[in-house]
Amino acid sequence: MKHLLSAADLSRDEANAILDTAREMHAIQNREVKKLPPLRGRTVVNLFFEDSTRTRSSFEIAGKWLSADVINVSAKGSSVSKGESLRDTVLTVAAMGVDALVVRHNASGAVQRIAQWVGCHVVNAGDGTHEHPTQALLDAYSLRARLGELDDRHVVIVGDITHSRVARSNVLLLATLGARVTLVAPPTLMPSGVGSWPCETSWDLDATLSGKAFGDVDAVMMLRVQRERMSGGYFATEREYAIGYGLSPQRLDLLAEHAPILHPGPMNRGLEISSAAADGARSVVLDQVQAGVAVRMAVLYRLLSGADEPVLEEAK
Amino acid sequence: MSYLLKNVAPLGGAPTDVLIDNGVLAELGTDLARGAAEVLDADGLVLLPGLVDLHTHLREPGREDAETIASGSAAAALGGFTAVHAMANTNPVADRAEIVEQVARLGEYAGLVEVRPVGAVSAGLRGETLAEIATMARSAAAVRVFSDDGACVHDARLMRRALEYVKPFDAVIAQHAQDPRLADAAACCHEGEVSGRLGLPGWPAVAEESIVARDVMLAEHTGSRLHVCHVSTAGTVEVIRWAKARGIEVTAEVTPHHLLLTCDLLAGYDPLYKVNPPLRPADDVAALRAGLADGTIDAVATDHAPHAAHDKDHAFADAAFGMLGLQTALGVVAETMVATGLLDWAGVADRMSLRPARIGRVAGHGRPLQRGEPANVTLVDPAASQLVDPDALVSRSRNTPFAGRTLPAAVRATFLRGRPTVLDGKLVNGIPA
């Protein structure tokens, strides 16, 4: 695998291999010295055209724990506004002897374009409203940790599907891993053509969570309401959204005890998720963050070392 | 210089000889004597009235790195055109007499096609107040087409005023139909399965259709001429069909790329396929072809939109809208309309010359191939084909989506007022600097 641009790039075997590698990487997080040697002498650049704290930090830690030299380049504001083409910006950075570019961009497809221009490995760290494949991998990792294999498991994803790269990548990856997915959103936040996606859709959160619509639910993933995108009048008020699509304490009672609650963060408490849901025993929000480092280590390791052997002796 | 075209087929009809002399079609008949004329063997070639483009972006003034009036004129001549309408969204905007006169004058200097300036409808294309339409119409450029193309005249009252205002000049308002509240500046992909999957901002068909529906009612109310730019949806075709049946003076154009390409091509996020309005699904393409065939859509217009490479080397959403069209238009029409049997060559002449000239009030172009008519004509080899090589195009830009594609038919010669601008498929005086 040369790049990781989309969750659709991953076959079931490849996805499981990354998740298995991540499990081994995860083990070092409890060690006193969190450092492995395999990427020593390799350079990874986090090229972020869009603000991010958790994803950039997660990739940075992942690279450093694998002994790569990690450089953070903030290219906030599109290259257009700076008067330089994206191609020139990226070629300039890549020309510095980079082995891998981890790219986030506010435009869908930007990372795919970049991968066509550069010779090094490219990882999509989120492109516009398109995809965020490592988020989907860490979500799958967290789900597997709670539920075991994901075949026939029913995962419900709730919120602003239209603008969610997390939802797109999760639908693709979870389907690859054999899970069933139901997307729940008001009609205004459900993307065009969603009927052709490998999932079910619903406007009714209560019917879905209770299992009346599409069967018992094994996990629920709440998406952040992106307030910065909400000027388009997608719903009337935050209060009305919370009533219809928030994971309230009352709705928690509809969920099975075993069903984990996921959120990619940052959370809008009281809007899409209540504190009772975010902080309760079923919440795996912080597990997701921890899994993020392990998954990104696995991705960088597999891309840069070309290793198909998932075992790192030092990690055992 | 006189030219005798031997055994040419006018509009694909029976072979005949055509003598071009003193700027006009001096004689048509069999076995014409050559006299002093240079003889061109036109056996198997089709003679068309010179093509007229209602919708060209020549980028001058302002973006001469992407195109100049001279380079765009050269591309037009090679594409078989003898007249083009230069859109007003230049920098500065063509919203007053001195700009449109400059454009017309530069077109005369280039001397390859007749360049007819389009004037802006609103000052600065801002959609707030009328541009100096009357002054532009009365100027030496004698503007007859007004458009804010690139932007929609979305204010209904301003659109009504514009339609009323142009009546004394027998001019037409050419509308870029895009409701900015339904498809804003970020909208770059047909809203549907593809936009949802790729996460690209959607440009719904109804954003075009609702504006066209409103405008045809305004045209009826004012009794004015309305022209709809680059129709892209089946719904718009239906609205125009209904309006024409009602007797409303509405005309419409379709681009070659909307006749051939679909939104599925956006899967790789290649900005070469980014146009406004966006490429649509196959059902819309079929409706556009049918609409052009039955005359609901009057004309093919290129929307030739040259862009420097650095304006396309961005993420899809950030890249400039538009693609080249002048040198490939006839080939795309031949593939989509002639090869499919939807139009014959007389139909092509009607949609690419006669009607566009009539809509734009371009005197001397789009005329019948008859004795005494101005010799603005194009010779086409219908049996030939052309491999589109971006590096061989004469435009200053290279943003063609047809690179590597073989298109049927080829322009062999173009005559402007009896003088050849293209012979043997090449510019007579080379590529202008």
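Two strands pair if DSSP finds at least two bridges between them. I also noted that helices (H or I, at least four residues) and strands (E, at least two) are DSSP runs, numbered from the N terminus.

**Entry 1: ground rules.** I am looking at a predicted model, where local features need pLDDT of at least 70, side-chain atom pairs count only at pLDDT 80 or more, and totals for chains, interfaces and linings use all residues. Residues are numbered from 1 along each chain as its sequence is written, chains are lettered from A and ligands numbered from 1 in the order in which they are written, and side-chain values use heavy atoms, with hydrogens and water left out.

**Entry 2: the parallel sheet of chain B.** I looked up an open sheet of three strands in chain B, which runs in the order β6-β7-β8 with parallel pairing. Its edges are β6 (51–56) and β8 (114–117) of chain B; each has a single partner strand, so one side of each is left without a neighbour in the sheet. On average, neighbouring strands here are turned by 20° against each other, direction ignored. For such angles, axes are lines fitted to C-alpha atoms, for helices over the stretch in contact, and angles run from 0 to 180 degrees between N-to-C directions.

I then followed one pair: β6(B) and β7 (residues 81–86) of chain B are parallel and share four bridges. Which residue of β7(B) is the bridge partner of Val52(B)? I found Ala83(B) there. Helix α2 (residues 97–110) of chain B packs on this sheet and touches β7 and β8 of chain B, where touching is contact, meaning heavy atoms within 4.5 Å. The direction of α2(B) makes about 175° with that of β8(B).

**Entry 3: antiparallel strands in chain B.** Next I checked β16 (residues 377–387) of chain B, which pairs with β5 (residues 46–49) of chain B in the antiparallel sense over four bridges. Val46(B) has Val380(B) of β16(B) as its bridge partner. I saw that β16(B) also pairs with β17 (residues 406–416) of chain B, again antiparallel, over eight bridges. There, Thr378(B) stands opposite Thr414(B) of β17(B).

**Entry 4: chain A as a whole.** I counted twelve helices and nine strands in chain A. Its radius of gyration is 19 Å, close to the 20 Å that the globule rule gives for 316 residues, so chain A is as compact as a globular protein of that length. The radius is taken over C-alpha atoms, and the rule is 2.2 Å times the number of residues to the power 0.38. Along its principal axes, the C-alpha trace of chain A spans about 55 × 50 × 35 Å. Buried residues (under 20% relative accessible area, with exposed over 50% and partly exposed in between; 1.4 Å probe, protein chains only) make up 59% of the 316 residues in chain A.

Entry 5: I found an open sheet of four strands, in the order β2-β1-β3-β4 of chain A, with parallel pairing. At its edges are β2 (69–74) and β4 (121–127) of chain A, each pairing on one side only. β3 (residues 100–105) of chain A and β4(A) share five bridges in the parallel sense, and Val103(A) stands opposite Asn124(A) of β4(A).
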